[in-house]
Amino acid sequence: MALGTLYLVGTPIGNLEDMTFRAIAVLQRVALIAAEDTRHTGKLLQHFQIDTPQISYRDENHRVCAPLLLSRLQAGQDVALVSDAGMPLLSDPGEPLVAECIAAGIAVVPVPGPTAAIAALVASGLAGDRFVFEGFLPLKAKVREARLTALAREERTVILYEAPHRLRQTLQDLQTVVAGDRPLVLARELTKRYEEFWRGTLAGAIAHYAHQEPKGEFVLILGGHPHPQEVWEEEAVRLALARLLQEGQSLAIASRELALTVGRSRREIYQLGLQLQTDGDG
Ligand code: SAM
């Protein structure tokens, strides 16, 4: 018996008119829709008069749900996977299910639709020819710091997702690791009534949100590291720093100034300065 197909269906990120004809047709045709949140998707289905049955599917209930979905697919039925908004798998559930379907020889077919990352990137005005999608930064301190440090030297445009209540902290964290300032675009409430693009720099964004509460959904588009070849050797940074400190500059100010020219972050330089001071004391 022929196997069914798993369709990965993109759905609107705010504006229902972004639903594609093909998405509607596929959601009507499949035997079952695996949805991140059946109540949320229920509203979408109702709007488009689709009465296909749904089942809840999230990575957390994968172990329970996947066997059921696999058995339907193996019995020749088609299944569509949708998330609350945008493309499934992009910071949304689906990865283990897709992996298992591929392993089982089941066809996995994308039905492309809107995604906040690409909508934000293309209208940002920043380079779209080479970019990296980072999704949400990890919350655990160590992993987060490692990821941020890697991003500091990233030459490609970086796309990040962030929740409004964490936006300020994330901007601050980025600022401590990147050398100098960087172009930054905040794409807010894409495709919705209050869609907004704030274009400026990382430091400017921090100042912008110092006095107002970030509200709505955000994508951050960070310009890549402009001169990765100009990262100074650690010894050269140490010498330049030692000179500034000898001239009486504070470590905080010297680190900030050097970060503009040596291709290293303020935090890295500050740490070198602390080492210098300890060595000097010893
Ligand atoms: N899979 C989705 C996609 O393809 O864009 C992303 C899902 S992820 C759980 C949700 C995050 O995407 C939000 O926190 C926000 O960063 C971003 N996002 C989703 N819709 C958005 C919108 N309309 N405007 C701006 N950002 C949005």
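Predicted model: local features only at pLDDT ≥ 70, side-chain atom pairs only at ≥ 80, totals over all residues.
## The surrounding shell

The ligand is surrounded by 19 residues, and the closest are Asp92, Thr115, Tyr161, Leu190 and Phe218; a residue is near if one of its heavy atoms lies within 4 Å. By class, the shell comprises 11 nonpolar, three polar and five charged residues.

Strands β7 (157-162) and β10 (218-222) each provide at least two shell residues. Domain 1 (5-114) and domain 2 (117-222) each contribute at least three.

## Polar contacts and burial

A polar contact here is a pair of N or O atoms within 3.5 Å. The side chain of threonine 115 places an N or O atom 2.7 Å from a ligand oxygen. Backbone N or O atoms also take part: one of alanine 116 is 2.9 Å from an oxygen atom of the ligand, and one of leucine 190 is 2.8 Å from a ligand nitrogen. Taken alone, the ligand exposes 570 Å², of which the protein buries 90% (Shrake-Rupley method, 1.4 Å probe).

## Basis of the values

Residues are numbered from 1 along each chain, and side-chain values use heavy atoms, without hydrogens and water. Local features need pLDDT of at least 70, and side-chain atom pairs count only at pLDDT 80 or more, whereas totals for chains, interfaces and linings use all residues.

How values were computed. Polar contact = N/O pair within 3.5 Å; in protein donor to acceptor, adjacent residues only side chain to side chain. Helix = DSSP H or I, 4+ residues; strand = E, 2+ residues; numbered from the N terminus. Nonpolar A, V, L, I, M, F, W, Y, C, P; charged D, E, K, R; others polar. Domains from an automatic or database assignment.
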